[in-house]
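Open the model in your viewer and keep the selection panel at hand.

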Amino acid sequence: MKSYRKELWFNIPQRRAFVNITPEAERCLEESGIAEGLMLINAMHITASVFINDDEPGLHRDYEDWLEGLAPHEPVSRYRHNRTGEDNGDAHLKRQIMGREVVVAVTEGRLDFGPWERIFYGEFDGGRRKRVLVKIIGE
Amino acid sequence: MKSYRKELWFNIPQRRAFVNITPEAERCLEESGIAEGLMLINAMHITASVFINDDEPGLHRDYEDWLEGLAPHEPVSRYRHNRTGEDNGDAHLKRQIMGREVVVAVTEGRLDFGPWERIFYGEFDGGRRKRVLVKIIGE
Amino acid sequence: MKSYRKELWFNIPQRRAFVNITPEAERCLEESGIAEGLMLINAMHITASVFINDDEPGLHRDYEDWLEGLAPHEPVSRYRHNRTGEDNGDAHLKRQIMGREVVVAVTEGRLDFGPWERIFYGEFDGGRRKRVLVKIIGE
């Protein structure tokens with residue numbers, strides 16, 4: 001069994017954003033030399049997500065509005081978590097909807113994807129350096 | 001390490017449905033000959049889910065009502081994504097709640113499940129052929 | 001390839017609670033002797049979750065309030081599932097938001113975590129003995 005590990009670093013200036021990280025994931029797979037196995041990609045921070053969906057800007061704005069409706073950023077006093085001095089209580093909730101991680105099949109040296117599947121980093125509390133972990137195991 | 005791959009195909013006539021795919025997953029595991037490892041099962045389409053819960057029709061109607069409340073199908077003009085000519089904006093949101101994939105432990109040649117765990121395909125934008133990927137790695 | 005399996009048992013007296021199970025997961029990893037691979041941790045029951053987030057009591061109360069808003073426990077007649085004699089319809093919905101499972105990278109014999117990542121068991125229908133499965137594969 002082979003294994004491969006890499007960290008992807010982000011520094012998103014705005015509070016929230018979605019970034020297509022499929023090319024980075026494909027580069028990792030190539031570097032790994034693994035042809036058959038599983039790739040785990042997870043946010044290493046608890047106010048961010050990794051998820052798979054469509055690379056369509058209208059959809060991303062729909063996600064933004066929808067998540068803001070389900071877990072509004074303001075008033076920040078709404079969240080007990082923010083009594084610790086944080087203002088990111090909403091980000092911890094939004095990340096649960098969008099998920100921490102995806103696991104992707106690796107087949108014949110490629111990410112085994114349907115036609116529109118793309119991997120995104122979802123930032124809900126930006127303005128600082130944060131990481132995503134790529135771990136691949138297989139042969 | 002062994003690996004196994006299969007696509008399961010669906011063509012759900014209605015827009016939304018939940019289909020128990022546990023028997024297909026068990027058949028895949030048997031075909032694979034893998035006794036110890038992990039099974040990934042994921043929707044290959046971004047308006048569908050694979051999830052684990054109870055095979056109880058009342059619960060499935062509860063899910064349907066609840067998801068429709070959280071991300072209504074209509075008015076379709078509600079979603080920017082639908083300006084691309086689609087009418088499935090809601091389906092991309094519903095799928096995030098229910099999830100893209102499950103990973104199931106394989107132990108002694110069986111899906112290592114609790115008493116009520118069953119695997120479902122969740123369709124949120126039916127009326128066409130769509131796929132689920134089953135990937136198993138192990139020994 | 002090595003594999004390891006263990007069940008963690010819980011009997012939460014109250015209906016809902018979040019329990020930090022990171023120490024148990026670390027103990028499992030140590031017992032497994034696996035240095036490189038993947039750890040799957042999943043609820044074996046369909047009214048409970050395993051998820052990764054912050055070990056901060058204010059945040060846990062925010063989750064509790066938020067989930068209760070998205071899928072209220074009462075009136076229990078609200079859910080068709082409860083016509084089967086259950087009163088846990090809400091728990092099946094809450095668990096979909098928080099997730100069934102997490103997959104964690106294992107690197108150099110350790111859970112490969114960001115600074116604040118901790119694993120939690122989320123109970124949404126307590127008062128009885130329930131289980132979490134830990135499965136590790138790797139080398």
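Contact here means heavy atoms within 4.5 Å. This is a predicted model, in which local features need pLDDT of at least 70 and side-chain atom pairs count only at pLDDT 80 or more, while totals for chains, interfaces and linings use all residues. Residues are numbered from 1 along each chain as its sequence is written, chains are lettered from A and ligands numbered from 1 in the order in which they are written, and side-chain values use heavy atoms, with hydrogens and water left out.

**Stop 1: chains A and B**

Select both chains. Only 20% of the interface residues of chain A are also interface residues in chain B, so the copies meet through different surfaces. On the chain A side 35 residues take part, in contact with 29 residues of chain B. Together the two chains bury about 2600 Å², 58% of it on carbon and sulfur atoms. Buried area is the accessible area (1.4 Å probe) that two parts lose on being put together, summed over both.

Now pick Leu38(A), Asp62(A) and Trp66(A). In chain A they lose the most area to chain B, together 21% of what that side buries.

The rule asks for a side-chain nitrogen of Lys or Arg within 4 Å of a carboxyl oxygen of Asp or Glu. It finds five salt bridges across this interface of chain A and chain B.

Which element of chain A gives the most to the side that touches chain B? It is α2(A), with eight residues. Helices (H or I, at least four residues) and strands (E, at least two) are DSSP runs, numbered from the N terminus.

**Stop 2: the axis**

Superpose chain A on chain B. A rotation of 120° does it, with 0.0 Å of shift along the axis and an RMSD of 0.0 Å. The two copies are thus related as by a three-fold rotation axis. Centre on Ile97(A): in chain A its C-alpha is nearest the axis, 3.4 Å from it.

**Stop 3: chains A and C**

Next, show Arg5(A) with Asp112(C). Their side chains form a salt bridge (2.5 Å, N to O).

**Stop 4**

Select residues 89-98 of chain A. Is this helix enclosed or open? 10 of its 10 residues are buried, so α3 is largely enclosed by the rest of the structure. Buried means under 20% relative accessible area, exposed over 50%, partly exposed in between (1.4 Å probe, protein chains only). Step on to Gly99(A), which follows α3(A) and has a positive phi, near 95°.

Finish in chain B, at Arg95(B), which lies in helix α3. Arg95(B) is buried, with a relative accessible area of 1%. Beyond its neighbours within four places in sequence, its contacts include Ile52(A) and Asn53(A) in chain A, and His45(B) and Phe124(B) in chain B. Asp125(B) is 30 residues from Arg95(B) in sequence and 10 Å away in space, C-alpha to C-alpha.

Terms used
Least-squares fit on C-alpha atoms with pLDDT ≥ 70 in both.
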